[in-house]
Amino acid sequence: MGPQKAQAIVAYRRQHGPFLRVEDLARVKGIGTATVERNRRRMTVGAMAAPTVAPPRRAVSAPVPRR
C-alpha cells in the first residue's frame, strides 16, 4: 500500500476507532475486498507493542592507568 492509502487508514481509524478484523479495512475509501484478500497474509489488526530498539551504545574509553 502506498502513502495515500496509509493516510486513509489512519484517518479512518482516528474517526472510527481501531479495526477489529482484517475485513474491516475494506471500509476504508480506496481499499476494497480484493485488496484485503490479496494482502490478507501480511495484514494484522489490534494493538501491537512498539518495536523495542536498544539504546545506542556509547564508546567506552580506555581506563586511565593509576600511579
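Visitor: How many salt bridges does a search of the whole structure find?

Guide: The search finds 4 of them. The model is a predicted one, in which local features need pLDDT of at least 70 and side-chain atom pairs count only at pLDDT 80 or more, while totals for chains, interfaces and linings use all residues. Residues are numbered from 1 along each chain as its sequence is written, and side-chain values use heavy atoms, with hydrogens and water left out.

Visitor: Why is the meeting of D24 and R21 called a salt bridge?

Guide: The term requires a side-chain nitrogen of Lys or Arg within 4 Å of a carboxyl oxygen of Asp or Glu. For D24 and R21 the N to O distance is 3.3 Å, so the pair qualifies.

Visitor: What makes D24 and R27 a salt bridge?

Guide: The closest N and O atoms of D24 and R27 are 3.8 Å apart, and the pair therefore meets the same test. R21, D24 and R27 are linked in a network of salt bridges.

Visitor: What counts as a helix here, and how many helices does the chain have?

Guide: Helices are DSSP runs of H or I with at least four residues, and strands are runs of E with at least two, numbered from the N terminus. The chain comes to 2 helices and 0 strands.

Visitor: Why are Y12 and F19 called stacked?

Guide: Rings of Phe, Tyr and Trp (its six-membered ring) pair if their centres lie within 6.5 Å; planes under 30 degrees apart count as stacked, over 60 as edge-to-face and the rest as tilted. A search of the whole structure finds 1 aromatic pair. In it, Y12 and F19 are 5.5 Å centre to centre with 5 degrees between the planes, so they are paired and stacked. Y12 is buried at 18%, and F19 is buried at 8%.

Visitor: What makes up the largest nonpolar core?

Guide: The core has 9 residues: I9, Y12, F19, V22, L25, V28, I31, V36 and M43. A nonpolar core is a set of buried Ala, Val, Leu, Ile, Met, Phe, Trp, Tyr and Cys residues joined through side-chain atoms within 4.5 Å.

Visitor: Which residues does I31 touch?

Guide: Not counting residues up to four places away in sequence, I31 touches M1, K5, I9, L25, A26 and V36. Contact means heavy atoms within 4.5 Å.

Visitor: What makes T44 exposed?

Guide: T44 has a relative accessible area of 59%, so it is exposed. T44 is placed in the segment after α2, and its C-alpha atom is separated by 6.4 Å from that of V22, 22 residues apart along the chain.

Key
Buried < 20%, exposed > 50% of the residue type's maximum accessible area, 1.4 Å probe, protein only.
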